Amino acid sequence: MPQGALLFQPTDYPHQIWTDHLRRLMPDLDIRTEDDETRKGDIAYCVAWKPKPGSLRSFANLKVVFSMGAGVDAIVADATFPAHVPLSRVVDDTLTQAMTEYVVLHVLAWHRRQRDLDNLQKLKKWRLIAAPRAEQVRVGILGFGVLGQAAALALKALNYNIAGWSASPKQVAGVESFAGADALQPFLSRSDILVCLLPLTPATRGILNTHTFAQLPNGACVINCARGGHLIESDLIAALDSGHLRGATLDVFQVEPLPETSPLWSHPKITITPHAAAITDPAAFMRHVANTIRRMDQNLRPENLVDFARGY
Ligand code: NDP
Ligand code: OXD
């Protein structure tokens, strides 16, 4: 029997889909969707996404916070996050699979020039556009963790020439590993298609900028499916307009939803998706929550813990 209540904190989510799964898995758990001022001391478990700064600190008996996303930047950014409380993030096969599909889809689309073919169709023009073989296309994955490595393996199976960039070196069969700030330039200069799957931290904010784009080969494409804060949007537009970059796919933005006034919407070389690359599956997420609560009842540590010193 779990000790303490769980608060499902996000108010902009239809909470019932989520909480119903947890009720089925843990019928004895006290699950709340309202933050009751007079009963804050009951809350032992909290599900959070973009919490109001300071809101998590107010639960004196909090044992763990569950991030609804794989990315935890919005939670880690709260300087008042209680230091003794573990933060567990989403690491789940369904999410990993969805992100892999997204990356493969957009790498293929830029490699096989689908946008150019779509434009020809609009003009009713029958024209062949040559594309290199996959093994001649060098894909570089910025952020070579759970999602980056899974995408790399799927692309490798299609014969792409893959490299990953991470903080520490990785060993992934058939994939070149670049690690640390000094390795960024050689990594970029061999990346015809650059995929960003980094966590958003002070070290990675704004990493997709004019300087970075200049180090990519002429005609490179960029796919950002990590966070809007990684990209300096005006730098991307300038690099596309100058012809140095050939195209970009963006799933995430500085401001979400992307304002109607944004020039990104109508840019002829940009594909936009609405932060939908890999959406957390409510059933899988709540299985993780239930398992973690059971583990903690047995004095075991939660899994998929965030390292606050690194910020991810
Ligand atoms: P992981 O923590 O598993 O991987 C992060 C990778 O980034 C690691 O390889 C890490 O290196 C590397 N990294 C972090 N900081 C640096 C740095 N300063 N320099 C070089 N490498 C660095 O995260 P996930 O793969 O699970 O998720 C990645 C991101 O994807 C999330 O943070 C989130 O922002 C985004 N995301 C977006 C979604 C969407 O729908 N658009 C859905 C889900 C996630 P090392 O391994 O050495 O520590
Ligand atoms: C995540 C996301 O981080 O959906 O999981 O962006």
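Visitor: What should I know about the model before I start reading it?

Guide: This is a predicted model, in which local features need pLDDT of at least 70 and side-chain atom pairs count only at pLDDT 80 or more, while totals for chains, interfaces and linings use all residues. Residues are numbered from 1 along each chain as its sequence is written, chains are lettered from A and ligands numbered from 1 in the order in which they are written, and side-chain values use heavy atoms, with hydrogens and water left out.

Visitor: How many residues surround ligand 1, and which are the closest?

Guide: A residue counts as near a molecule if one of its heavy atoms lies within 4 Å of it. Here 30 residues surround ligand 1, and the closest are Arg89, Ser168, Lys170, Asp251 and Tyr312. By class the shell holds 18 nonpolar, seven polar and five charged residues, where Ala, Val, Leu, Ile, Met, Phe, Trp, Tyr, Cys and Pro count as nonpolar, Asp, Glu, Lys and Arg as charged, and the others, Gly among them, as polar. Helix H3 (93-111), helix H5 (146-157) and strand E7 (161-166) each give the shell at least two residues. Domain 1 (5-92 + 280-297) and domain 2 (95-272) each contribute at least three residues to this shell.

Visitor: Which atoms of Ser168 and ligand 1 lie 2.6 Å apart?

Guide: A polar contact is a pair of N or O atoms within 3.5 Å. In this case a polar side-chain atom of Ser168 lies 2.6 Å from an oxygen atom of ligand 1, a polar side-chain atom of Arg89 lies 2.9 Å from an oxygen atom of ligand 1, and a backbone N or O atom of Gly145 lies 3.0 Å from an oxygen atom of that ligand. On its own, ligand 1 has 940 Å² of accessible area, of which the protein covers 91%; such areas come from the Shrake-Rupley method with a 1.4 Å probe.

Visitor: Which residues are around ligand 2?

Guide: They are Trp49, Gly69, Ala70, Gly71, Arg227, His275 and Ala278. His275 places a polar side-chain atom 2.6 Å from an oxygen atom of ligand 2, whereas Ala70 has a backbone N or O atom 2.7 Å from an oxygen atom of the ligand, and a polar backbone atom of Gly71 is 2.8 Å from one. Taken alone, ligand 2 exposes 210 Å², and the protein buries 86% of that.

Visitor: How should I read the second largest pocket, and what is its volume?

Guide: On a 1 Å grid over the protein atoms alone, a cavity is a set of points where a 1.4 Å probe fits but cannot get out, while a pocket is an open set with protein on both sides within 12 Å along at least five of seven lines, and lining residues have an atom within 4 Å of a point. The second largest pocket holds about 440 Å³ of space, and of its 24 lining residues the closest to its centre are Asp73, Ala74, Leu200, Arg205 and Arg227.

Visitor: Which residues line the largest cavity?

Guide: Its volume is about 30 Å³, and the lining consists of Arg32, Glu34, Asp35, Asp36, Arg39, Lys40 and Ile43.

Visitor: Where is there a cis peptide bond?

Guide: A cis peptide bond joins Glu256 and Pro257, with omega about -5°, and Pro257 sits in the loop between strand E11 (245-250) and strand E12 (270-272). Elsewhere, Arg113 has a positive phi near 60° although it is a residue other than glycine.

Technical notes:
Grid points are joined across faces, edges and corners, and a volume is the space filled by probe spheres set on the points. A polar contact is a pair of N or O atoms within 3.5 Å; within protein, one must be able to donate a hydrogen and the other to accept it, and residues adjacent in sequence count only if both atoms are side-chain atoms. Helices (H or I, at least four residues) and strands (E, at least two) are DSSP runs, numbered from the N terminus. Domain bounds come from an automatic or database domain assignment.
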